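Please keep the sequence and the structure in view while reading.

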Amino acid sequence: MPFLLLCSENLSLVMVQGVCGCNRFKSGSISDVFRTIVKKGGYRGVARGWLPRMLFHAPAAAICWSTYEKVKSFFQDVNGDSNTA
């Protein structure tokens, strides 16, 4: 399972908490988890989990929005809608 390999002191720790023997957080609130990650790994530990997520989701979001805009334009042309946003 690839998530078992992510068990480290970064934001990915939240995803596998308790699955692979990682230390559990006392509270489930995002502020407590963020403070714990900053305490253990500094702000670099936060970025270490954030950067891969952004690199994964940015292309998907770009494809989603560009497809939405293209389909919206297509249907506006088909319907003869002159009121464009």
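## The helix and a nonpolar patch

L55 is found in helix 1, helices being DSSP runs of H or I with at least four residues and strands runs of E with at least two, both numbered from the N terminus. At 60% relative accessibility L55 counts as exposed, where exposed means over 50% relative accessible area, buried means under 20%, and partly exposed lies in between, with a 1.4 Å probe and protein chains only.

Together with W50, L51 and M54, L55 forms a nonpolar patch on the surface, and the four residues have about 430 Å² of accessible area together. Patches are made of residues with over 30% relative accessible area and no salt bridge, like charges being joined within 9 Å and nonpolar side chains (Val, Leu, Ile, Met, Phe, Trp, Tyr) within 5 Å.

## Basis and confidence of the model

The structure is a predicted model, in which local features need pLDDT of at least 70 and side-chain atom pairs count only at pLDDT 80 or more, while totals for chains, interfaces and linings use all residues. Residues are numbered from 1 along each chain as its sequence is written, and side-chain values use heavy atoms, with hydrogens and water left out.

The mean pLDDT of the chain is 76, with 66% of its residues reaching 70 or more; pLDDT is the predictor's confidence in each residue, from 0 to 100. Over residues 1–11 pLDDT stays under 50, and for this stretch the model has 24 contacts beyond four places in sequence, a contact meaning heavy atoms within 4.5 Å.

## The chain as a whole

The secondary structure of the chain comes to one helix and zero strands. Of the 85 residues in the chain, 14% are buried, and among contacts between residues at least 6 apart in sequence, 27% join residues at least 24 apart.

The accessible surface of the chain comes to about 6900 Å², and carbon and sulfur atoms account for 64% of it. Accessible areas come from the Shrake-Rupley method with a 1.4 Å probe, and for residues only the protein chains shown count as cover.

## Salt bridges

Side chains of opposite charge can pair when their charged atoms come close. The structure holds two salt bridges, each defined as a side-chain nitrogen of Lys or Arg within 4 Å of a carboxyl oxygen of Asp or Glu.

In one of them R35 pairs with D32, the closest N and O atoms being 2.8 Å apart; both residues lie in helix 1, three residues apart, about one turn of the helix, and D32 is partly exposed at 27% relative accessible area. K72 forms a salt bridge with E69, with the closest N and O atoms 3.5 Å apart, and K72 and E69 also lie three residues apart in helix 1, about one turn of the helix. K72 is partly exposed at 25% relative accessibility, as is E69 at 36%.

## Aromatic pairs

Rings of Phe, Tyr and Trp (its six-membered ring) pair if their centres lie within 6.5 Å, and planes under 30 degrees apart count as stacked, over 60 as edge-to-face and the rest as tilted. By this rule the count comes to two aromatic pairs. W65 and Y68 form an edge-to-face pair, 5.7 Å centre to centre with 85° between the planes.

W65 and Y68 are separated by about one helical turn, because they are three residues apart in helix 1 (residues 30–79). W65 is exposed at 55% relative accessible area, whereas Y68 is partly exposed at 44%. The rings of F74 and F75 have centres 5.2 Å apart and planes at 70°, so this pair is edge-to-face, and F75 is partly exposed, with a relative accessible area of 45%.
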